[in-house]
Amino acid sequence: MASALIPLIPFPEAAKTALADTQLRRNLGKATQTIRAKRAAVVDEMDDWEELREAGRALKDRVLRHLDQYLLQLEESVQRAGGHVHWARDAAEATRIVAEIAKSHDAREVVKVKSLATDEIRLNDGLAAEGIQAIETDLAELIIQLAGEHSSHILVPAIHKNRSEIREIFRRKLADTEDLTDIPADLAAAARRHLRQKFLTTKVAISGANFGVAETGTICVVESEGNGRMCLTLPPVLVTVMGIEKLIPTWQDFEVYMQLLPRSSTGERMNPYTTFWTGVAEGDGPQEFHLILLDNGRTHTLADQIGRQALHCIRCSACLNICPVYERTGGHAYGSVYPGPIGAILTPLLVGVEHAPSLPYASSLCGACYEVCPVKINIPEVLVHLRAEVVRHYQATKGINTYAYAESVVMKMLAYTFADRTRYETAQKLARFGQGPFVSEGKIGNLPGLLSGWSTMRDLRPVPQQSFRDWWRSRNEQ
Amino acid sequence: MSSSAKEAILYRIRTALHDVPPTEQPDDVAITRAYRQQDDRPHAQVVEQFVEMTVDYKAIVHHMSEADLPARIAQSCQDRNLRRLLVPADLPTAWLPAYEGLEIVTDDPSHPFANADLDATDGVLTGCALAIAQTGTIVLNSGPNQGRRAITLIPDYHLCVVYADQVVSIVPEAIAALRSSVVEQGKPLTFISGPSATSDIELNRVEGVHGPRTLEVIVVERDPQG
Amino acid sequence: MRVAFFITCFNDTLFPEVGQATVRLLERLGHTVDFPLDQTCCGQMHFNTGYQLEIIPLMRHFVRVFDTAEYIVGPSASCVGTIRDYYSRIAEIADDAQLAAEVQHLTPRVFELTEFLTEVLKVADVGAYYPHRVTYHPTCHSLRALHVGDHPIRLLKAVRGLDYVELPRAAECCGFGGTFAIKNADTSIAMLSDKLRCVLDTHAEVCVAADTSCLMHIGGALSRQRAGVRTAHIAEVLASVEE
C-alpha cells in the first residue's frame, strides 16, 4: 500500500498539471479568497489575538518538551474515566488495533468522523483489507470517497470541486438523486438522507481528535455538520486515533484553543458543534471507548529542534488558505495528506526529507503562513532549515540527482567567488561579457539550462556596462 | 505488544528530547496568559450580544420575561406544527406545551429510547448549562433540563431555553465555569453555535446537515420574585 | 549622519541606478554616504536555497566589511531581512561564539532604506518630485519580515506630482521567491500573472517596490507583454527632483 505521505511526483511537475486545470484554478481561487476574508474579519474582532497566539504557542511548546510525562498522564486520566488506551508506533500497528476492536464487535461497517490521523495511516484501505468497510460521514470526505479521489485540503477535502461537480458525483453514486439540484442546501440534504440510517444503527465509530487533555483525559472533536456528534454519541463503541502531539496540559487551556481554532479555520467565532468527552459517561453516549496514541513519524519530527514546532499544528488550515502557492496548485500537487505550507514542512519531517525533497522548495517564502498561524509556527524558518537538509542529503549522495548535484557545484562556486572582493569583481566583468550571445534588442529573452524557467514569461535586462561600484569609483576620482 | 509499543514510543520521545535539560519541569516552560480571561461589561450588554451573535448564526432567537415563557414555547411548537415533542425527564412541567395533536415524549434515563424512536420525534425541548455571548454558543453538559446527548441530536428541531443569568461573556469564562462538570463529574459537553452547518461546498456556509436543521433559542429574564 | 551603504550584489551588478539614486537621496537629505568597496554579497540566495554552510564565509566577510559602521543601509528588504532574521542562526550553525557576538553587534545597525528614512531619520517628506501615476507593491520581506507597514506608501504620497493608486491584493506575493522562480517556474508564473493583472488594473505608469529582485520579475513580464508599464525602485522615485 502506497504511503499517504510520500509524494509520487516531484512538486514542480505535479504543480504543472494542476496549473493547467483552469476549472481547478477558478474553484480554488474563489474558495481561498472567500475564506481569507472571513478569517480576517473574525480575527480583527479580537483585540487580544496576539496574546492568544503566544499562549497557544507556549502551551504546545510546554507539551512537546515534556511529551513523555504528558502522555503518561493522559493515559492514566483516560483509564481512570473508564477508557482503554493503546499505543501505535506506525500506521500498520494502529490499523491492526482498530481492526481488532471492530472484529471483536462483529462490525463489518464502521462510521467515521473526518480525521487526518486516519487518512495519514490510510485506515480505510487497511480496514477494507480486513473486510471492514469504513463509511466517511463528513460531507467533503463523503464526496471524495464517492468520487474515489484523495483530499486536497486538510479542512475542506473537496475544496477543488464546485457545486455542479459535486451534484454529478451524488447523482452517480447515491440513490434517489435524479432530481438533485446543485443548490448547496439540497446537496447537504442528500448527504443527510444517505447517512441517516448508518448513524442510527452502526455499532462502531472511529474518530480523530483535535485535542486531548492530559489533566482530565478529555478528548475534543470540533466540527460543523453534526456527523461528528452522531458518530461520537450514537454507536455503542468509539475508537479515537490521536497523534501524540494533540495533547494540551489542562482543561483550562481550551480557553485558548477554542478561540484560536474556529476563527483560524472556518472563519467563524465558533464552529457549530464541539464535543468534549471524558472516558465513558454512564447512560450517555458510547459505553466502550478506545484511545489509540499514534506516533508514525512524530517522534522523528520531535527530534528536529527547529522542525519540532511543526507539531504545534492544530490543523486549522489558515496557512493553506492564505498561501499563494496553494491557491494556484491546490492540494494534490503536494502528494501528501498534509498539503500547503504546513504540509511542505510536516510531510518531510514525518517521512524524512529524502522521501519528499521537493516539498521544502514549494514556497516563495512569502511569510503569509507564519503571519496567520494561530500557534506561531515559523513555517519559512522550517522551510529553509529543511532545504539545508535536502542539500546535505544530495551532497552526501553525490550523483543520485544530477540536477541537484549541478546546482550544488554552481552554488559552491558562487559562494567561493562572492566571499572575496577581487573574485567578485572579476565575476561581474565576466557576466557582462558572457551574456553577449543571449542579448537581443537590449533584452535577454532566452536563457539556457537551469535558468530556462525564468525566460518563458520574463525578459531579463542585460548586465549594464557600468556596475554601481564602477560608478562610485569614477565619481570619487573626479 | 501494546506495552512494548508504549515503551518504544516513550523511548523515542526521550531520545528526541535530548536537548531538554533533565532538570526542566513542565512548569519551567513559561505560559503568559495575557489575553482576556474576564469581561466586566454590564450583563445586559452581554445578553444583548448573545442574542445578536446567535441570530448571526441563523438561529431563531426570542428574548422575554419568564412569565411569557410557556406561551412562547407553545407558540414555537405550534408554529412548526410539531406532533411528537421529545423532552428530558426532569424538564419543568410549566414548560411543557399542550395543544391538540401534540404528544409529549419523555426520555426516561431508566428506560432510554432506542435511536429509531428518537428519530420518530420531530423536535426536542431542553434547557442548557450555560451560554457564551461572544460566540453565540449554547453549552450542554447533560445536566438539569438537558437529558443525554442523543436527544438533542437526532430530532430535526431543537428548542432551547437559556436563562439570561446563564449567559457568560467570553470563552475563558465559560471554560472556567464548566471545569467542575468535567473534572469532578466527568460529564460530556456539547458546544452548539447555530444549527448544523457545512462549509464543504465552495466554502460557503450552508445551514442544515446531520444535526438539527433548525435551532430556536428562547432567552429568558428570570422573574425576580421567582 | 554617516551612512555605510550596503548596495547588495544584485543591485551593484544589475541595477546600479538604484544605488545611485539611494546615494543622491541620502546626500540630498544632508547625510554622508560611505561605500565600503570590499562588500560583496550577504548570502541570501545561498541561505534560502539551503546552502547554509556555504554562506558562512560570506557572512564573515560581511561582518568584517561593516564592522565599524554606525548605520548600514541597503535598498533591499529581503537582504536586510536575511541579515536580521537569520545571521544569528548561521553563527550558531558555524558554532562560532566570536562570530555570534559580532552578528549580535551588527544586526541592530542594519536598516532597509525606507525603514531608515522613516524610523531613524524620521523623515515624512523627502522633498521629491515625480509627476507620474504610481502603484506600490509591498514586497513580502518588507511587509512580513521587516514589518515596515505603510511607511513606504506614506513617503510616496508625500512626493509632489505623484498620483498614487492602491494596488489590489497588494499583500500577495508576486511569485519571485529567489530560486523559487526557477525551481517552480510554472507556479511562479501563475502567481506573477495574477500580480500583473492587479498592476494593470490600476492603470499606473510605474509599479514601485522596495526590492529590485521582485521588480525584475514583475518588470520582466511587463516588458515581455509590452504592457507599457515600467518598474522603479522606491529609491529612484524618492531621489527624483524637479529638473
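Trainee: Which residue of E9(B) stands opposite Phe276(A)?

Mentor: Leu189(B) takes that place. The model is predicted: local features require pLDDT of at least 70 and side-chain atom pairs count only at pLDDT 80 or more, whereas totals for chains, interfaces and linings use all residues. Residues are numbered from 1 along each chain as its sequence is written, with chains lettered from A and ligands numbered from 1 in the order in which they are written.

Trainee: How do you know that strand E9 of chain A and E9(B) are joined?

Mentor: Strands (DSSP runs of E, at least two residues; helices are runs of H or I, at least four; both are numbered from the N terminus) pair if DSSP finds at least two bridges between them. Four bridges join E9 (residues 273-278) of chain A to E9(B), so the two strands pair. They run antiparallel.

Trainee: How many residues of chain B are in contact with chain A?

Mentor: Residues are in contact if their C-beta atoms, placed from the backbone, lie within 7 Å. By that criterion, 68 residues of chain B touch 79 residues of chain A. H1(B) gives the largest share of this side of chain B, ten residues.

Trainee: Why is chain B called more spread out than a compact globule?

Mentor: The radius of gyration is taken over C-alpha atoms, and the globule rule is 2.2 Å times the number of residues to the power 0.38. For 226 residues the rule gives 17 Å; chain B has 22 Å, well over that value, so the chain is more spread out than a compact globule. Its C-alpha trace spans about 70 × 50 × 45 Å along the principal axes. The secondary structure of chain B comprises five helices and twelve strands.

Trainee: Why are strands E2 and E4 of chain C said to stand at the edges?

Mentor: The open sheet has the order E2-E1-E3-E4 (chain C), with parallel pairing. E2 (32-34) and E4 (110-112) of chain C each have a single partner strand, so one side of each lacks a neighbour in the sheet. Neighbouring strands of this sheet are turned by 35° against each other on average, direction ignored.

Trainee: What makes E1 of chain C a partner of E2(C)?

Mentor: Three bridges join E1 (residues 2-5) of chain C to E2(C), and the two run parallel.

Key
Axes are lines fitted to C-alpha atoms, for helices over the stretch in contact, and angles run from 0 to 180 degrees between N-to-C directions. Two residues are in contact if their C-beta atoms, placed from the backbone, lie within 7 Å.
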